[in-house]
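Keep the structure in view and try each one before reading on.

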Amino acid sequence: MKVLGIDFSCALGALSNGQFPEKDCLLPLISTLLGYAIVAASTTVKLPQILKILENGSIRGLSILSFELELVGYTIALAYCLHGGLPFSAYGELAFLLIQALILVAIMYYYSQPVSTKRWMTALMYCGLAPTILAGRIDPVLFEALYASQHAIFLFAKIPQIWQNFSNKSTGELSFLTNFMNFGGSMVRVFTSIQEQAPKSVLLGSVLGVATNSILLSQILIYQKPKSRAEKEKKKE
């Protein structure tokens, strides 16, 4: 029995015989279901961050460089997975994360007026190279090198934000909910990468995601203070 391409026959067969499904039957099913759950959740994972910026009309405490590097990382990771033959459940969230990351960077540019010439050049360079990378129209060796580097990109994408939080002793407009979902998604993706026998480089990326997102979550819990009643009333006015 298949539903949306997910094979339930093994598990249902065992249950119909009054038996609990075997490990070799159950784990792949759980992995696939979790994979699709991540894809579904990824459609809104950055929405809390976007809404927080729009609500407050500010990018206070946010590192634009972090979000730019994250965008580059998502582009490379999605391109590699698209052309690497992995099942959609193993990487589908990257497509939605890429779209939201684009929106987020655009909003951050809007609230950081005037945008410097350097940032405009960076944006134009990305717009010129991203379609080529996503289409897979680059040398296979270079493709592998790019994918290997994207783990470093994701790591260095978090460092400026982590350092800025530490320096300011504040996380500014950083969204707890977005970072919490990033952390949870990374944890689940470690499991699905092992179960789907994804390349070790894919697993490494998920492990690094768990580590960096846990640091950001800790900083939010330590540095963010609830707004006082006076601040809330002032904001309403």
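The expected span of a helix is 1.5 Å times one less than its number of residues. The model here is predicted.

Q: What span is expected for α9 at 1.5 Å a residue?
A: Start with the length: α9 has 24 residues. From first C-alpha to last, this helix reaches 35 Å. That is close to the expected value, 34 Å.

Q: Which elements are included in what covers the buried residues of α9?
A: Buried means under 20% relative accessible area. Several α9 residues pass that test, among them Val202, Val210, Leu216 and Tyr223. The cover over the buried residues of α9 includes α7 and α8.

Q: Are α7 and α9 roughly parallel or roughly antiparallel?
A: Look at the axes of α7 and α9, which lie 10 Å apart. The two helices pack at an angle of about 5°. Angles under 35 degrees count as roughly parallel. Therefore α7 against α9 is roughly parallel.

Q: How many residues of the contact of α7 with α9 are charged?
A: On the α7 side, the contact includes Tyr147, Leu155 and Lys158. On the α9 side, it includes Val202, Thr212 and Leu216. Ten of the contact residues are nonpolar and eight are polar. The charged ones number one.

Q: Leaving aside neighbours within four places in sequence, which residues is Met108 in contact with?
A: The largest nonpolar core has 39 residues. Met108 is one of those with the most contacts inside it. Beyond its sequence neighbours within four places, Met108 touches Ile53, Ile59, Leu62, Ser63, Ile64 and Phe67.

Terms used
Residues are numbered from 1 along each chain as its sequence is written. This is a predicted model: local features need pLDDT of at least 70, side-chain atom pairs count only at pLDDT 80 or more; totals for chains, interfaces and linings use all residues. Side-chain values use heavy atoms; hydrogens and water are left out. A nonpolar core is a set of buried Ala, Val, Leu, Ile, Met, Phe, Trp, Tyr and Cys residues joined through side-chain atoms within 4.5 Å. Buried means under 20% relative accessible area, exposed over 50%, partly exposed in between (1.4 Å probe, protein chains only). Contact means heavy atoms within 4.5 Å. Helices (H or I, at least four residues) and strands (E, at least two) are DSSP runs, numbered from the N terminus. Axes are lines fitted to C-alpha atoms, for helices over the stretch in contact, and angles run from 0 to 180 degrees between N-to-C directions. Angles under 35 degrees count as roughly parallel, over 145 as roughly antiparallel, 65 to 115 as roughly perpendicular and the rest as oblique. Ala, Val, Leu, Ile, Met, Phe, Trp, Tyr, Cys and Pro count as nonpolar, Asp, Glu, Lys and Arg as charged, and the others, Gly among them, as polar.
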